[in-house]
Amino acid sequence: MPPSTADRAAPRIPSAPRRLRLRAGLLAGAAGLAVSGAALAQSDAAGGAGSSTTVTHAYTNFGTPVYGPDFEHLDYVNPEAPKGGEMSFSTTLVFDSFNLWTRRGVPEGTASDIVYESMLTGTADDPYALYCYLCETMEYPEDVAWVTFTLRDGITFHDGSAVTASDIAFFYETILEQGIAEFRNIVQNFITDIEVLDDRRIRFSFSEESPRRDRIGIAGLATAISQDQFEEEGLRLDESQPRPFIGTGPYVLDRVDIGRSAIYRKDPDWWAADLPMNRGRWNFETIRVEVFADASASMEAFSAGEYLFREENSSLDWATSYDFPAVREGHVIKAELPDGSIGSAQGFIFNLRREPWQDPAVREAVSMVFNFEWSNQTLFYGLYERPVSFWQNTDLMAEGPPGEDEAAILTPLVEEGLLSEAILTEEAALPQQNEAAGNTPSRRVLREAGRLLEEAGWTFEEGARYRSRDGRTLSLTILQTSPLYDRIVNPYVENLRRIGVDARLERVDSAQYVQRRREGAWDLTNHTLTQGYEPGLGLRQWFDSSTAEDSSRNLMALADPAVDRIITEVIAADTLEEVESGARALDRVLRNLKFWIPQWYSAEHLVAYWDVYDHPDPLPPLTLGALDLWWWVEEDAQALREAGAL
């Protein structure tokens, strides 16, 4: 998931290509069936005598893949980009592990983008297709009951050993045994069999009940890790690790100071350097991640040239902190680059495990008094917009009253009493719009919030400061880790106290933040729930009752039968029109539940970098691609050295 440009407590890691976001998300939308230019082959061994199968380089449910089997390079790269130099950036997330497949410890996330590679990959200009990467071809029958991947010849791990189909099978079998529970819970009955046919061929067979659109995409998440390393060193996927596992990606970990910095170096023997998919990409010799205790220290280090690339996540810093000599002298470039991806669904979420927040009226009252309009004008310098949808700025976003396609999905749920009749006639829920003249909402808004609390049974007693019910105070802890949020949350706390909620900001270090979110020890916290262009099985991780007890995505513990039913329909959809209708219906219902208080997003990448980098122009719509698309310009770096700037 690429980071947004909004103020939030998250590492500012340059955006990764879609292949890596797919794997990191584990269950991002899979691809599907209609493949342009696919060859029909007769395969007795794979499909039975006389059965026809599709053998292809790419797989998509909808439309035609952008790239054919013989493409020379991605359309948006600079195929002649020079190699060398270093990409350096910062984070405030203090890492203590490199294992991305466990919830133990805080992993250094860059490794997911540059150390490991998966069977299939996506591109930043094609939101639906998946392309062979570790595989040379994939083969499947018309009903997609199975898929056979044929690995490319010559794939090697970083230690020089050959990758075989057994390593791919080992990854899937191990992650289903030891990996993150939310992944296991969803797909443990998805794949019925994994068969190693020979050193280069592996077949995944799927259960009849598994969603057809997601099948090949789920199998394509398989990542190359070394079975020999795991067995020889006694490694496990469910334990914290001080170094990355041996992978096949463009970079290896060179040096690390746990919790402070990590340097990755280009593998000189990287097996995939000459693939068309990689031409003009992965151009840096080294990639360096620096950890800072807080945002101020990070900003000071950037201005001093201690690291050279910054994707800004603070509107305050963007507006006020770039007036240092290197900017004035043109040594640092400050740019607003277009971002064509789905608008970030960043917001506060309620902990629905806690009794007070199980009442939608209480949630609505608490939501109403967050004053985005004042925050944007006063704190964010007018840089942001407010998201209203989980599919912001796409055809999957619910708007106005439901159309016939949505109504066909929602009506049965209304008839069964799972949804209110009002959802069939009312416009899609929008957050409360407040005035920007001052932080305090209008008297009308405060009265309405108070009325909702009164109807929910909370009373504001004379002489008492906070509302109470049965002798209990309505208290709310907003859990944060970044000091950047203090100036945003504290005015919100003031407004909550005006309606009788005993609200407080609690800021903890990153390790406590991660642990407390996992344990559910919070009332309100930040979360970004942005979805993909082709929603499918991954929706269960985000919103389904089956993941309410243990999920890093369904962090709010949402468990709603109407949501579950719509998710099932979206997963089963065969056409793009059905997917879009289902997503709009789901978006409408999710927004109506008000477990999410939308914060803000930017439709641009706010980036600042020392004048040693260059990038494709235009950038592709779906990624900033700083790690894999940008490159080092040695002549410009030398000019800065001669000027004494670096």
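Select Arg553 and Trp542: the charged end of Arg553 sits over the ring of Trp542, 6.0 Å from its centre. A charge counts as over a ring if NZ of Lys or CZ of Arg is within 6 Å of the ring centre and within 35 degrees of the ring normal. Now select Arg203 and Trp146, where the charged end of Arg203 sits over the Trp146 ring at 5.2 Å from its centre.

Before going on, note that this is a predicted model, in which local features need pLDDT of at least 70 and side-chain atom pairs count only at pLDDT 80 or more, while totals for chains, interfaces and linings use all residues. Residues are numbered from 1 along each chain as its sequence is written, and side-chain values use heavy atoms, with hydrogens and water left out.

**Aromatic rings**

Rings of Phe, Tyr and Trp (for Trp, the six-membered ring) pair if their centres lie within 6.5 Å; planes under 30 degrees apart count as stacked, over 60 as edge-to-face and the rest as tilted. The count by this rule is 42 aromatic pairs. Select Phe302 and Phe324: their ring centres are 6.3 Å apart and their planes at 85°, so this pair is edge-to-face. Phe302 lies in helix H8 (residues 295–303) and Phe324 in the loop between helix H9 (315–320) and helix H10 (325–328), so the pair ties together parts 22 residues apart in sequence. Helices here are DSSP runs of H or I with at least four residues, strands are runs of E with at least two, and both are numbered from the N terminus.

Phe302 counts as buried at 0% relative accessibility, and Phe324 counts as buried at 9%. Next, select Trp318 and Tyr322, another edge-to-face aromatic pair, with 5.5 Å centre to centre and 65° between the planes. Trp318 is buried at 4% relative accessibility, and Tyr322 is buried at 6%.

For a group of rings, select Trp101, Tyr116, Phe149, Phe170, Phe171, Tyr172, Phe204, Phe230 and Phe245, which form one aromatic cluster.

Two strands pair if DSSP finds at least two bridges between them. Within this pairing, Val256 has Ala262 of S12 as its bridge partner. S11 and S12 form a hairpin with three residues between them, and Gly259 in the turn has a positive phi of about 80°.

The next stop is an open sheet of three strands in the order S14-S23-S15, with antiparallel pairing. Its edge strands, each pairing on one side only, are S14 (309–311) and S15 (332–338). The twist averages 20° from one strand to the next. Select S15 with strand S23 (residues 604–610) to see seven bridges joining these antiparallel strands; Leu337 stands opposite His605 in S23.

Another open sheet of three strands has the order S3-S6-S5, again with antiparallel pairing. S3 (58–59) and S5 (120–123) are the edge strands, each pairing on one side only. S3 pairs with strand S6 (residues 126–132) in the antiparallel sense over two bridges, and the partner of Ala58 in S6 is Tyr131.

**Helices H11 and H14**

Select residues 360–368 for helix H11 and 443–455 for helix H14: their axes come within 8 Å and cross at roughly 160°. Axes are lines fitted to C-alpha atoms, for helices over the stretch in contact, and angles run from 0 to 180 degrees between N-to-C directions. H11 and H14 are therefore roughly antiparallel to each other; angles under 35 degrees count as roughly parallel, over 145 as roughly antiparallel, 65 to 115 as roughly perpendicular and the rest as oblique.

Finish at Gly417, in the loop between helix H13 (404–415) and H14. Gly417 is exposed, with a relative accessible area of 59%.

Note on methods: Buried means under 20% relative accessible area, exposed over 50%, partly exposed in between (1.4 Å probe, protein chains only).
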